Amino acid sequence: MDVTSHNRSSVPSTPQILAPKNPAQAQALEAERISRQDRLPGFDQQAVATAHVLVIGAGGLGCPVVQALAAAGVGSIALVDHDVIELSNLQRQPLFGAADCGRAKAEVAAHRAREIAPALTVTVYRRYLEASWILDLLAEENPAVIVDCTDTFATKYLIADAAEITGIPLVWGSVLRYQGSVSVFRTGSVHLRDLFPTIPETLESCAEAGVLGATTAVIGSLVATETLKFLAGLPTLEGRLLTYEALSGTFQNFALSPDPERVPVTDLSAYELPKILLDVREQSERETQVKYPDSLHLPLSAATEDAVRAMLKPLAGECVGVFCKSGARAAKFMKDWGAVAADYGVRLTGV
């Protein structure tokens, strides 16, 4: 899931809400459905049943998380994802089937979750997550916990910074190739920036590096477990990082400490977008997934020196924000053409 959208409006006043048509009947069936879990010692099922959770991302991590939270009897979920289902998603996103291709991930995931738990209420936000409205979203939803199931580091930093500003606990998961990590961050304790001070510039996305679908399921289940533990009043991974290596079949658990030199995040001004934006995706992607409608367009595959110079020459002295789907192609464009941009006094930056 990418960070930004050209639409800078606040949270939509009428997001799609899926709720039980007969709440009393749905609730009557709930006790039997979660009876095995309700017997767990120390597990506060009532707290889980009344909790509201914000899940950001309905892909490889989001699918097992939404599935597990629904099955566990979480009272309500707000789900944010802009993307549509593609055939390549099905290897690691088990809430979807081939017949769902082309449909919105958030909407399909919400319907599947309510098939599992008819008493569940799901609020769907089908739009890009961006700095201009994430704080409005958090104020509107006021969740007990945020669950980060996104797949780009730029988005993860935005979520973590917004969580620190608002004081809302954050359950965090990340997966790539055969590896994954899980942690819980809280304001005043350890933050993502204590673990990784700045966004890794060379980290590939799943689209470029690949990912084992079963590993995604493992990490997603662990993220859901930490979320449920938090809601039920049980100890969590706060202050620790749990990593999983599928090839060796090993877990490692590391203690984390806050960086005493780190300045806490108090606003999201660092995410302000440049006035000029450049889309380096292919034309087909641009047509099916609108991101910045007014942006310039030069696909990475068509970026010759003549084409790049022709585009940059009228932009002398400007800052240009370069974007794609995951950030990898934008990073390659900036690496390949940064020197040419400098010839015209143009600064290229990723968004």
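Confidence first: this is a predicted model, with a mean pLDDT of 90 for the chain and 93% of its residues at 70 or more.

Nine strands make up an open, mixed sheet, running β1-β4-β3-β2-β5-β6-β7-β8-β9. On average, neighbouring strands are turned by 15 degrees against each other, direction ignored.

Helix α6 packs on this sheet, and its direction makes about 165 degrees with that of β4. Here are the helix and the strands that it touches:

| Element | Residues |
|---|---|
| α6 | residues 131–141 |
| β2 | residues 52–56 |
| β3 | residues 76–80 |
| β4 | residues 121–125 |
| β5 | residues 145–148 |

Strands β2 and β3 run parallel and are joined by five bridges; V53 stands opposite I77 in β3.

What about the nonpolar packing? The largest core has 47 residues, and those touching the most other members are V53, V55, V65, L69, V74, L79 and L231. Helix α10 (residues 213–232) supplies the largest share of this core, with seven residues. Which residues does V65 contact, leaving aside its neighbours within four places in sequence? They are V55, V147, C149, G220, V223 and A224. There's also a second, separate core of 29 residues, with A78, I134, Y157 and L192 among them. As a general matter, nonpolar side chains tend to be buried together in soluble globular proteins.

Terms used
Residues are numbered from 1 along each chain as its sequence is written. This is a predicted model: local features need pLDDT of at least 70, side-chain atom pairs count only at pLDDT 80 or more; totals for chains, interfaces and linings use all residues. Side-chain values use heavy atoms; hydrogens and water are left out. pLDDT is the predictor's confidence in each residue, from 0 to 100. Two strands pair if DSSP finds at least two bridges between them. Helices (H or I, at least four residues) and strands (E, at least two) are DSSP runs, numbered from the N terminus. Axes are lines fitted to C-alpha atoms, for helices over the stretch in contact, and angles run from 0 to 180 degrees between N-to-C directions. Contact means heavy atoms within 4.5 Å. A nonpolar core is a set of buried Ala, Val, Leu, Ile, Met, Phe, Trp, Tyr and Cys residues joined through side-chain atoms within 4.5 Å. Buried means under 20% relative accessible area, exposed over 50%, partly exposed in between (1.4 Å probe, protein chains only).
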